[in-house]
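Subject: Structure handover

Hello,

Here is the structure for you to look through. Please keep it open while you read the notes below it.

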Amino acid sequence: DEAIELAELAKRMGIKANEMIVKLMGLGVMATVNQTIDYDTASLVAAEFDFEVEKASFEEDALLNVVPEEEDTGTLEACPPVVTIMGHVDHGKTSLLDVIRESKITSGEAGGITQHIGAYNVETPNGGRITFLDTPGHAAFTAMRSRGAQITDIVILVVAADDGVMPQTVEAINHAKAAGVPVVVAVNKMDKVGADPDRIMRELSEHDLLAEDWGGNVIFVKVSAKTGKGIDELLEMVLLQAEVLELRANADRKATGYVVESRLDIGRGAVATVLVKQGTLRDGDPVVCGLHSGHIRAMIDDSGSRVESAGPSTPVEIVGLAGVPDAGDEFVAVASDKDAKQIAGHRMQKQRAKELAKKSRANLQKMFENL
Ligand code: GTP
Ligand code: MG
């Protein structure tokens, strides 16, 4: 994994890059000035010049100091499930997200302006809490998954009762299956003439989603995003599903979690909505987030208020990163700004080395093609 740019190595040894390239050729290695060479090759060629390469191994894990979940001896407490809504075009994903957000957040705040931060946490009538990712659709889900971020605990599959199972419904089912995430079915548009929930149950049973009423274990809820009917029941059923999953987290440790959304704000710099997975994120915490470091200068919750801390499954917008991370990047609170900078610096360097290696491979290929 250790690598160094050829030009850099030559410089440190006080020899010309060309001399090194020639020496490498002698060793059977074709290299260009910009190319990164691995530790073993560097040692070989350095030995030719009577130099010794020392492996300055970088203990990123030690600095990050993240306790693996299975070794966490802290108190684990139930935490809200994180839910993504998926379904076919026009079946009502956005309408459902809107009706849930409006009835559960905006109405409760006198004159409150609900800020869009990419995720929000709602309280159900029975006092339970659920976190919704405010990005309906498969793109976000798959993008996160491809980055190795499994942040969704439950998928709500929306199917319009007057339309039935469609291609993207099946796609959503396959995504949820591949991720091993349980599905709660929301049979939407029940207010419409021609709504046929039995047909939805039948069609979904052909995709291994068998309703409880029919002896299966999948929860189906009939809803209307238009009238609001069934929404409270849907939320309670999501909580029921969450109970089965026994979602637990330790709030009493350094925070880790994932980036849900990010952007560059003219006034505030890099802004990211993150979802805390473990621990508690606090104002002032030094953090590493993807390739970037920083420390939390401000945290804003889903209702637009500044907060001092955010526990497990809480979405917050953070300000204070030196650069804009990508959705799906992991963040980790670390011990000091210095550690954060060192880790991010190392990651950035690795990233550059990777890009350079790619470029020089492409250049070499071009060279051969032109021969
Ligand atoms: P895309 O983002 O395009 O994939 O669609 P979507 O799944 O987000 O659907 P959206 O919420 O935009 O709803 C599509 C249309 O269906 C809109 O005209 C909604 O007003 C309507 N609609 C959504 N839910 C209901 C419902 O429960 N009843 C009725 N009658 N109309 C609904
Ligand atoms: Mg939509």
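A polar contact here is a pair of N or O atoms within 3.5 Å; within protein, one must be able to donate a hydrogen and the other to accept it, and residues adjacent in sequence count only if both atoms are side-chain atoms.

Before the rest, some bookkeeping. This is a predicted model, in which local features need pLDDT of at least 70 and side-chain atom pairs count only at pLDDT 80 or more, while totals for chains, interfaces and linings use all residues. Residues are numbered from 1 along each chain as its sequence is written, chains are lettered from A and ligands numbered from 1 in the order in which they are written, and side-chain values use heavy atoms, with hydrogens and water left out.

The ligand

Lys93 has a polar side-chain atom 2.8 Å from an oxygen atom of ligand 1, and an N or O atom in the side chain of Ser224 is 3.3 Å from an oxygen atom of the ligand. The protein covers 67% of the 650 Å² of accessible area that ligand 1 has on its own (Shrake-Rupley method, 1.4 Å probe; for residues, only the protein chains shown count as cover). There are 15 residues around ligand 1, and Lys93, Thr94, Ser95, Asp191 and Ala225 come nearest (a residue counts if one of its heavy atoms lies within 4 Å). Helix α5, residues 93-104, gives the most to this shell, with three residues.

The chain as a whole

The chain has 10 helices and 18 strands (DSSP runs numbered from the N terminus: helices are H or I with at least four residues, strands E with at least two). Its C-alpha atoms fill a box of roughly 80 × 50 × 40 Å along the principal axes. Of the 371 residues, 47% are buried (buried means under 20% relative accessible area, exposed over 50%, partly exposed in between, with a 1.4 Å probe and protein chains only). Among contacts between residues at least 6 apart in sequence, 72% join residues at least 24 apart (contact means heavy atoms within 4.5 Å).

Helix α8

In helix α8 (residues 197-205), Pro197, Ile200, Met201, Glu203 and Leu204 are the buried residues. They pack against β7 (154-160), α7 (167-179), β8 (183-188) and β9 (220-222).

Two aspartates with positive phi

Most residues other than glycine have a negative phi. Asp50, in the loop between α3 and α4 (60-64), has a positive phi of about 65°. Asp208, in the loop between α8 and β9, also has a positive phi of about 65°. Asp50 is exposed, with a relative accessible area of 74%, and Asp208 counts as exposed at 61%.

Asp301 sits in the loop between β15 (292-300) and β16 (309-310). Asp301 is buried yet has no salt bridge, and the nearest side chain of opposite charge, Arg129, is 8.4 Å away. A salt bridge is a side-chain nitrogen of Lys or Arg within 4 Å of a carboxyl oxygen of Asp or Glu; Lys and Arg count as positive and Asp and Glu as negative, with His and the chain ends not counted. A polar atom of the Asp301 side chain lies 2.9 Å from the backbone nitrogen of Ser303.

Thr41 lies in helix α3 (residues 39-48). Thr41 counts as buried because its relative accessibility is 16%. Leaving aside neighbours within four places in sequence, Thr41 is in contact with Leu24 and Val29.

Regards
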